[in-house]
Every structure is written in C-alpha cells, then in structure tokens.
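Please find below a short note for a colleague who is meeting this structure for the first time. The points are numbered so that each may be taken up separately.

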Amino acid sequence: QDVFTQHLAMGVTVETLTPGDGVTFPKTGQTVTAHYTGTLSDGSKFDSSHDRGRPFQFTIGTGQVIQAWDEGMAKMSVGETAKLTCTPDYGYGLRGFPPVIPPNSNLVFEVQLIAVN
C-alpha cells in the first residue's frame, strides 16, 4: 500500500494513510463528518473526537474550522484517513489557542473522513 502525499497551497500537507473511495470529495457548503486526533509537533495530544466518543461535523469551505481543515479535507474522499500537517498560518496563528495550543505552533491532525452530506 503506497503512502501518497499531496502538497497544497502554503500551510497544509495531506498525507494519505488509508485511501478513501476516490470519488466522494467534499464541496463547499456540504456537511463533513470526521473523526480526528490533533497533536502538537512534539506528539502531545491536545484534542480528539475519539475521546468524546462522537465524530465532529462542520460545513466545509465556510471558515467554521481552521484553514488547514477547510483546504486539506476538501482533498480527501469518503473513507480516507490522512495526516494533515499545518503551519501556524493555517492553524491557530501567532496567538495559538491558550492554554492548549502554544503561540505559533505547527499542528498535526490524523483525520478520518466518515461522511459528506
């Protein structure tokens, strides 16, 4: 099984860990359902939908989430698991998200795209 890495516009890299259906990609305005675990670049976990026992839902392409998710998840197909790695400008920026995410942090998310509606 090949690992496929796709570089997007500045700020986010998508590395496919498990391929999806290759057909169903989210479009702006659709509701995305996904499970994720977010870590800092040192590997320490700061958030996970798995810990809450339910996937996360948001409307893609509308700024409800960080730019890394809006752009990175748009490149994923349903069923895909990928690692999204983002620079601060596509995450929480210079301010971070105190006290959980330090200022100017690179972030890594392992994301599973469950559904698109």
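The points below go from the overall fold to the aromatic residues, the salt bridges and a surface patch.

1. The model under review is predicted. Its protein chain has two helices and seven strands. Along the sequence these elements follow the pattern β-β-β-β-α-β-α-β-β. The radius of gyration of the protein chain is 13 Å, close to the 13 Å given by the globule rule for 117 residues, so the chain is as compact as a globular protein of that length.

2. Extent and surface. Taken along the principal axes, the C-alpha atoms of the protein chain fill a box of roughly 40 × 30 × 25 Å. Buried residues make up 38% of the 117 residues. The chain exposes about 6400 Å², and carbon and sulfur atoms supply 52% of that area.

3. Contacts along the chain. Among the contacts with a separation of 6 or more, 61% are between residues 24 or more positions apart. Two such links between distant parts of the chain are described below, one between Phe46 and Phe109 and one between Lys83 and Glu15.

4. Aromatic pairs. The structure holds eight aromatic pairs. In one of them, the rings of Phe46 and Phe109 have their centres 5.7 Å apart and their planes at 85 degrees; the pair is edge-to-face because that angle is over 60 degrees.

5. Aromatic cluster. Phe46 and Phe109 are also members of one aromatic cluster, which is formed by Tyr36, Phe46, Phe56, Phe58, Trp69 and Phe109.

6. The structure holds three salt bridges. Lys83 forms one with Glu15, the closest N and O atoms being 3.6 Å apart. This pair links distant parts of the chain, since Lys83 is in strand β6 and Glu15 in strand β2 (residues 12-18), 68 residues apart. Lys83 counts as partly exposed at 32% relative accessibility, and Glu15 counts as partly exposed at 22%.

7. The other salt bridges. Asp51 forms a salt bridge with Lys45, with the closest N and O atoms 2.9 Å apart. Asp51 counts as exposed at 54% relative accessibility, whereas Lys45 is partly exposed, with a relative accessible area of 48%; the cut-off for exposed is over 50%. Arg52 forms a salt bridge with Asp47, and here the closest N and O atoms are 2.8 Å apart. Arg52 is partly exposed at 39%, and Asp47 is partly exposed at 27%.

8. Nonpolar surface patch. Which residues make the nonpolar surface patch of about 270 Å²? The patch is made by Tyr92, Phe97 and Val100. Tyr92 is placed in the loop between β6 (81-86) and β7 (107-116). Tyr92 is partly exposed, with a relative accessible area of 34%, and Phe97 is partly exposed, with a value of 47%. Tyr92 and Phe97 also form an aromatic pair, 5.4 Å centre to centre and with 50 degrees between the planes, which is a tilted arrangement.

Definitions and conventions:
Residues numbered from 1 in each chain as written. Predicted model: local features only at pLDDT ≥ 70, side-chain atom pairs only at ≥ 80, totals over all residues. Heavy atoms only, no water. Patch = residues over 30% accessible without salt bridge, like charges linked within 9 Å, V, L, I, M, F, W, Y side chains within 5 Å. Areas by Shrake-Rupley, 256 points an atom, 1.4 Å probe, with all protein chains shown as cover. Salt bridge = Lys/Arg side-chain N within 4 Å of Asp/Glu carboxyl O. Helix = DSSP H or I, 4+ residues; strand = E, 2+ residues; numbered from the N terminus. Phe/Tyr/Trp six-rings, centres within 6.5 Å; stacked < 30°, edge-to-face > 60°. Buried < 20%, exposed > 50% of the residue type's maximum accessible area, 1.4 Å probe, protein only. Rg over C-alpha atoms; globule rule 2.2 N^0.38 Å. Contact = heavy atoms within 4.5 Å.
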